[in-house]
Every structure is written in C-alpha cells, then in structure tokens.
Amino acid sequence: MTSISIIGSGKMGAAIAEVATRAGAAVQIIKRSPTSMSAARDGFAYGVMGDELTGDLVVLAVPYNAYEGILQHYRDQLSRKVVIDISNPIDFSTYDRLKSPADSSTAAELAKMLPEGSAVVKAFNVNLGDTLTSGTNGTTPTTVLFAGDYAEAKIAVAQLIEGAGMRAVDAGPLTRARELEAMGFLQIIMAALGKTRYESGFTLLP
Ligand SMILES: NC(=O)c1ccc[n+]([C@@H]2O[C@H](COP(=O)([O-])OP(=O)(O)OC[C@H]3O[C@@H](n4cnc5c(N)ncnc54)[C@H](OP(=O)(O)O)[C@@H]3O)[C@@H](O)[C@H]2O)c1
C-alpha cells in the first residue's frame, strides 16, 4: 500500500490517519509546531512544519486560510505528490457562506498555487470525521466522494478509501469540487444546527 503525509494534527488529521492505518499505509503527521495537539500513536512518524514529506499522498488537514503559509514550506515538494484537499471554507462568523470564490473551489484555487506535476484531488470534505474514523455511516460503509483531473492520482485515492473498507465514488473532474464543497458546507451547518448528528452525515446508497 501507499504512504501518506498528513499536514495538520486536528480532528480530520486524526480521522484520515485512522483511514490510512486501516488501508495499511505508512503514516507521517506534520504538526504546525511541537506544541500542537496530536494523539501520539505507535507506528506513526511525526514531524513539524518544514520537515520533509515522506508520503506519496499528501493531505492538507488544515483550514483553507492556512494553505498559503503551508505552500511557503512545501510548494516545491508537492510538485511530485498527489495533494488531497479536504477543506470546507465555511465562514464561521455567519455560517451562511463559503469563503471560496463563487465560480471556483478551494481545490481549484490550490491547483493554481501549485507547480506543474502536482495532482490535486478533492476528497473527504463531505465526510464528518467520526464517519471516517469508524468507517461506517449509520448502517452502511462510509461513502467518500472525490474529484480530480488526474486518473492515476484518483486511482491512488480510491485505493486508500477502499483499502480502509469504505466506498469510493468518483464525482468527476476537479471542477466538481465546487459542488462537493457545497455539499460539505450543507452537511456541516445542518450538524451545527442540530438537524443531523456529527456521527453520521450524508450517505450514498449502493
Ligand atoms: N471536522 C470535520 O468533520 C471536517 C469535515 C470535512 C472537512 N473538514 C476540513 O478539514 C480541515 C481541518 O479541519 P479539522 O476539523 O481537522 O480542524 P481542527 O481540528 O481545528 O485542526 C486543524 C489543524 O490545522 C492546524 N492549523 C490551523 N491553522 C493553521 C495554520 N495557519 N498553519 C498551519 N496549521 C494550521 C492546527 O494546528 P494547531 O493544533 O497548532 O492549531 C490543527 O492541526 C478544514 O479545512 C475543514 O474544513 C473538516
């Protein structure tokens, strides 16, 4: 199986580390600083921002507004990687809008910031962390929607998802990231309003 570097050691970083472990991938977690919270776990390699990325897949498990700073450390290294964008750039001051440009997505904006050769895949943003950690959503395996423009990169992401016992569904080219972000936004605000639970979320029946 593949190897994965997860930049960010918060809720989603931990959830995707769990997914990668189930899939048999080697896991590296890059923390913002030595004092950043992160549950230590045997078998994971830990680093701090600026340390070399060892994974073939790289997950940005940080808020979208952190991307620019992260690229100052990693832009060149990401030219040889599959870069997974999981962000839902919700304006938490109003819970009423996404901060990504109206005709674009964080994934498309990220792709513009990266060098040629980086393959951006939007994935995991329509999953609440608990359903990734457990691998189930209600009574069904968790569905993970993803989108991107590079076939090999999408195969690698699908293998990670399926290797972790979940269902991978290709939503199309990277332009679909905009719709995935709208879904992620809706899912999170509904959970925040108490209309759904953080332990569940949208599912796609086979
Ligand atoms: N929570 C969910 O269920 C969910 C679902 C789908 C998608 N997402 C997306 O997943 C991403 C991470 O969310 P989360 O829930 O895991 O958040 P979180 O628990 O708050 O963790 C955020 C992580 O990002 C780091 N970070 C914050 N600002 C940073 C900066 N300026 N530079 C470098 N690192 C920074 C934090 O480091 P420190 O610990 O040092 O602050 C922490 O490791 C977001 O883009 C979010 O939209 C979340």
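The dialogue below turns to the sheet, the core and the ligand shell.

Author: This is a predicted model, in which local features need pLDDT of at least 70 and side-chain atom pairs count only at pLDDT 80 or more, while totals for chains, interfaces and linings use all residues. Residues are numbered from 1 along each chain as its sequence is written.

Reader: In what order do the eight strands form the open sheet?

Author: Helices (H or I, at least four residues) and strands (E, at least two) are DSSP runs, numbered from the N terminus. Two strands pair if DSSP finds at least two bridges between them. Here the order is β3-β2-β1-β4-β5-β6-β9-β10, with mixed pairing. Because β3 (45-48) and β10 (167-170) each have a single partner strand, one side of each lacks a neighbour in the sheet.

Reader: Which residues have the most contacts inside the largest nonpolar core?

Author: In soluble globular proteins, nonpolar side chains tend to be buried together. A nonpolar core is a set of buried Ala, Val, Leu, Ile, Met, Phe, Trp, Tyr and Cys residues joined through C-beta atoms within 7 Å; buried requires 20 or more other C-beta atoms within 10 Å of a residue's own, with C-beta atoms placed from the backbone. The largest core here has 54 residues, and Ile-6, Ile-16, Val-59, Leu-60 and Ile-84 have the most contacts inside it. Its largest share, seven residues, comes from α1.

Reader: Which helix gives the most to the shell around the ligand?

Author: A residue is near a molecule if its C-beta atom, placed from the backbone, lies within 6 Å of it. The ligand is surrounded by 24 residues, the closest being Gly-10, Met-12, Ser-36, Ala-66 and Ser-87. α1 gives the most, with three residues.

Key. A residue is buried if 20 or more other C-beta atoms lie within 10 Å of its own, exposed if 12 or fewer, and partly exposed in between; C-beta atoms are placed from the backbone.
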